[in-house]
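Here's a quick briefing on the fold you're about to look at. Have a look at the model first, then work through the notes below.

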Amino acid sequence: MTGEKQSARTSKANKAKAEITTETNEKTTERTTKKGGESPQEIATSVSTLLREHAEHQFAHELEEIAKIDTKQRPPNWKLSPWAVSTYLLGGKLDNGFEVSPKYIGNKRIIEIAIATLTTDRALLLFGVPGTAKSWVSEHLAAAIARDSTLLIQGTAGTSEEAIRYGWNYARLLTEGPSIDALVASPMMRAMTDGKIARVEELTRIPSDVQDTLITILSEKTLPIPELNSEVQSTRGFNVIATANNRDRGVNELSSALKRRFNTVILPVPDSSEEEVEIVQRRVASLGRALELPAEPPALEEIRRIVTIFRELRNGITSDGKTKLKSPSGTLSTAEAISVVNSGLALAAHFGDGYLRAGDVASSLIGAVVKDPIQDGLVWKEYLETVMKERDNWKDLYRACREAS
């Protein structure tokens with residue numbers, strides 16, 4: 001009799017698990033249908049008014065063109081093959097002549113390793129100093145693989161377990177008690193049920209005890225729901241991309257158990273000055289179009305000067321190797337160089353003649369370098385007087401920075 005009762009309970013529990021997984025999938029599909037129920041024309045109109053489109057919308061045409069010629073094997077639930085995902089990120093000319101813009105300019109092998117990791121059961125951790133395109137790469141990987149980069153968990157010191165696991169609709173919870181209808185699925189849970197990519201930004205900013213919530217998800221591919229005596233199991237295609245940097249204060253080290261469940265790929269700063277100049281030029285052009293700045297594209301030489309300043313201060317030596325320099329406290333990342341040029345373009349467009357000049361970038365440049373008024377101020381003054389002043393073709397920038405200082 002006891003065995004029959006135990007068997008009945010087990011059967012009931014298994015049935016409940018199946019129902020929860022099915023209902024969660026149905027609710028997710030319903031949300032997606034409601035969100036995407038508009039006609040293509042309506043979607044195009046609404047997307048065009050956005051300040052920043054998701055990658056899968058902004059580059060939808062490229063993804064479609066790549067998919068047309070993609071005949072290679074695709075992992076379960078992937079929209080493109082690993083080769084096609086790599087082509088989307090690194091850019092290049094397709095066999096039909098279509099030109100794919102590069103989303104990441106750098107070491108090709110790094111991207112290939114990241115993509116290969118996501119074809120396995122290992123999660124991916126993109127690691128590096130701030131401004132090395134970790135979030136950018138994460139978004140575009142999710143866009144190419146799942147056509148959905150929105151399943152995002154933003155890591156902060158206040159991130160709770162509910163943000164990773166699930167929450168509750170407390171009005172329904174109080175009136176009905178624990179049920180699948182009262183459960184609020186997290187982006188992680190939706191990624192698991194739909195077989196998509198979940199993204200976790202700034203993993204090391206999340207408190208250590210909350211970080212460890214990921215261990216069961218990454219190792220067992222299940223999300224227990226003890227309140228319902230059930231669980232959500234992952235659909236094939238599910239994986240996690242996390243990003244982390246090692247420079248900010250308030251960083252929480254990952255436990256050894258969690259580290260083992262990630263394959264870590266380090267995204268370095270650009271290898272060469274020309275590579276960094278190309279990155280800045282492309283991103284500034286893209287942002288300029290999105291913001292509709294009424295300014296002429298910045299002269300390549302102006303971008304090159306800003307990148308040179310950043311690289312020299314970052315490396316602690318001039319590009320010719322003759323003068324050693326003190327480095328400021330900030331990271332002086334490529335992302336900050338993009339911001340300096342973009343701010344200068346806004347000034348030139350609205351308060352100048354539309355052409356980027358030294359006076360337009362001086363204030364933003366100083367703001368990027370001088371984070372600490374005392375320490376960084378001395379570093380900047382030394383660079384200004386010993387390096388910038390001595391360069392003949394930099395006199396205009398030197399004068400503009402002196403005035404701004």
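Let's start inside the sheet: Leu-126 has Val-265 of S11 as its bridge partner. Keep in mind that this is a predicted model.

- S3 and S11 run parallel and are joined by five bridges.
- S3 is also parallel to S10, with four bridges joining the two.
- Over on the S10 side, Phe-127 stands opposite Ala-244.
- Is S3 enclosed or open to the outside? It's largely enclosed by the rest of the structure, because four of its five residues are buried.

- Zooming out, the open sheet is made of five strands, ordered S4-S7-S10-S3-S11, and the pairing is parallel.
- The edges belong to S4 (152-154) and S11 (262-266); each has a single partner strand, so one side of each has no neighbour in the sheet.
- Going from one strand to the next, the twist averages 20°.
- S7 (residues 197-201) pairs with S10 (residues 239-244) in the parallel sense, over four bridges.
- Within that pairing, Val-200 has Ala-242 of S10 as its bridge partner.

**Helices on the sheet**
- H6 (residues 108-118) packs on the sheet and touches S3 (123-127), S10 and S11. The direction of H6 makes about 165° with that of S11.
- H10 (residues 187-194) lies across S4, S7 and S10, and runs at about 160° to S7.

**The nonpolar cores**
- As a rule, nonpolar side chains in soluble globular proteins tend to be buried together.
- Here, the largest nonpolar core counts 36 residues. Its members with the most contacts inside it are Ile-309, Leu-365, Trp-380, Tyr-383, Met-388, Leu-397 and Cys-401.
- Which helices supply at least two residues each to this core? They are H14 (273-291), H15 (300-315), H16 (334-351), H17 (358-369), H18 (375-388) and H19 (395-404).
- H17 makes the largest contribution to the core, with seven residues.

**A buried glutamate**
- Glu-302 sits in helix H15.
- With a relative accessible area of 8%, Glu-302 falls under the 20% cut-off, so it counts as buried.
- The side chains of Glu-302 and Arg-305 are joined by a polar contact of 2.8 Å.
- What else is Glu-302 in contact with, once neighbours within four places in sequence are left aside? The list is Leu-356, Arg-357, Ala-358 and Val-361.

**The chain overall**
- The protein chain has 19 helices and 11 strands.
- Of its 405 residues, 45% are buried.
- Among contacts with a separation of 6 or more, 73% are between residues 24 or more positions apart.
- The accessible surface comes to about 20500 Å², and carbon and sulfur atoms account for 51% of that.

Notes. Residues numbered from 1 in each chain as written. Predicted model: local features only at pLDDT ≥ 70, side-chain atom pairs only at ≥ 80, totals over all residues. Heavy atoms only, no water. Pairing = 2+ DSSP bridges. Axes fitted to C-alpha atoms, helices over the stretch in contact; angles between N-to-C directions. Contact = heavy atoms within 4.5 Å. Core = buried A, V, L, I, M, F, W, Y, C linked by side-chain atoms within 4.5 Å. Buried < 20%, exposed > 50% of the residue type's maximum accessible area, 1.4 Å probe, protein only. Polar contact = N/O pair within 3.5 Å; in protein donor to acceptor, adjacent residues only side chain to side chain. Areas by Shrake-Rupley, 256 points an atom, 1.4 Å probe, with all protein chains shown as cover.
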